[in-house]
Structures are given as C-alpha cells and as structure tokens.
Amino acid sequence: MTTHVKPPPLESRTPASTEQKSRAPKLVTRIGRTYRFESAHHLPRLPDGHKCKNVHGHNYRVEVVISGALDTRGFVMDFAEMDAEILPLIRKVDHRLLNDVGRP
C-alpha cells in the first residue's frame with residue numbers, strides 16, 4: 001500500500017479584521033492511500049473466438065482520498081480506520097473471479 005498526503009491549496013490572503021477571520025474557511029486537509037488487487041473475469045456474451053470471452057485477469061489500483069477538518073487527534077482519519085473500511089472490500093475481490101463476486 002502506498003500512502004499519499006496531499007496538502008490543500010493555501011489561502012493567499014490574510015483577513016484584515018476579526019470578523020473576516022471568523023468567516024474565513026476552515027483549513028481542509030486531504031489524506032489518501034492506494035490499494036492494489038488482482039482479479040479475473042470473463043465476458044460470456046461475446047462471440048466464440050473473442051479473447052475476452054475466456055477467463056483473464058487484470059491488476060487494479062484503487063485510490064481513496066478523504067478530505068475534511070482535523071479532529072481532536074489532529075487527523076482527518078487514522079489510516080488504520082481507513083484500512084478497516086477498505087480492506088474488507090479489497091479482500092472480497094482480490095484473486096477472485098469477478099463474475100462470481102456477490103453471488104450466493
């Protein structure tokens with residue numbers, strides 16, 4: 001897994017008064033992580049002889065980016081929390097036949 005942290009664009013002007021400061025947008029921070037998996041599939045509705053009718057595989061890359069204000073810990077989200085949400089989904093498709101995913 002690769003971890004990316006992309007800072008938001010900086011505000012170029014400084015508010016001149018307290019009133020402007022209170023209306024100034026809160027700093028938004030973005031974090032992201034890249035997940036990879038491999039899966040196979042086939043396209044059974046294609047005519048016989050088409051190479052994609054046969055089972056074949058692909059490598060996939062999913063980039064998850066979350067943005068928001070920092071919480072009391074100073075995080076947008078803990079990477080362990082992100083993994084807890086994303087990895088179960090990745091496990092459902094990694095090294096699987098996608099045609100069968102979601103079928104009983």
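This passage describes the fold of one protein chain and a selection of its residues. The structure is a predicted model, in which local features need pLDDT of at least 70 and side-chain atom pairs count only at pLDDT 80 or more, while totals for chains, interfaces and linings use all residues. Residues are numbered from 1 along each chain as its sequence is written, and side-chain values use heavy atoms, with hydrogens and water left out.

The protein chain has two helices and three strands, arranged along the sequence in the pattern β-α-β-β-α. Helices (H or I, at least four residues) and strands (E, at least two) are DSSP runs, numbered from the N terminus. Of the 104 residues in the chain, 18% are buried. A residue is called buried under 20% relative accessible area, exposed over 50%, and partly exposed in between (1.4 Å probe, protein chains only). The accessible surface of the chain comes to about 8,200 Å², and carbon and sulfur atoms account for 55% of that surface. Accessible areas come from the Shrake-Rupley method with a 1.4 Å probe; for residues, only the protein chains shown count as cover. Among contacts (heavy atoms within 4.5 Å) with a separation of 6 or more, 65% join residues 24 or more positions apart.

Helix α2 covers residues 79–93, which is 15 residues. From its first C-alpha to its last, α2 reaches 21 Å, close to the 21 Å expected at 1.5 Å a residue. The expected span is 1.5 Å times one less than the number of residues. At the start of the helix, a side-chain oxygen of D78 reaches to within 2.8 Å of the backbone nitrogen of A80. A kink of about 35° lies at I86, shortly before the proline P88. The bend at a residue is the angle between axes fitted to the seven residues ending there and the seven starting there. The buried residues of α2 are M82, D83, I86, I90 and V93, and they pack against β2 (29–41) and β3 (56–68). An α-helix has 3.6 residues a turn, so residues three or four places apart point the same way.

The C-alpha atoms of R36 and I90 are separated by 8.0 Å, although the two residues are 54 residues apart along the chain. Leaving aside neighbours within four places in sequence, R36 is in contact with Y60, R61 and I90.

The structure holds one aromatic pair. The ring centres of F37 and Y60 are 4.9 Å apart and the ring planes are at 15°, so the pair is stacked. F37 belongs to strand β2 and Y60 to strand β3, so the pair ties together parts that are 23 residues apart in sequence. Rings of Phe, Tyr and Trp (its six-membered ring) pair if their centres lie within 6.5 Å; planes under 30 degrees apart count as stacked, over 60 as edge-to-face and the rest as tilted. F37 is buried at 8% relative accessible area, whereas Y60 is partly exposed at 28%.

S39 is also found in strand β2 and is buried, with a relative accessibility of 5%. The side chain of S39 reaches the backbone oxygen of V93 at 2.4 Å. Not counting residues up to four places away in sequence, S39 touches a set of residues including H56, Y60, V93 and H95.

H95 lies in the segment after α2 and counts as exposed, at 61% relative accessibility. Phi of H95 is near 55°, a positive value in a residue other than glycine. Most residues other than glycine have a negative phi. N99 is found in the segment after α2 and is buried, with a relative accessible area of 18%. The side chain of N99 reaches the backbone oxygen of H42 at 2.8 Å. Beyond neighbours within four places in sequence, N99 is in contact with H41, H42 and P44.

D48 is placed in the loop between β2 and β3. D48 is exposed at 68% relative accessibility, and its side chain makes a polar contact with the side chain of K53 (2.6 Å). A polar contact is a pair of N or O atoms within 3.5 Å; within protein, one must be able to donate a hydrogen and the other to accept it, and residues adjacent in sequence count only if both atoms are side-chain atoms.
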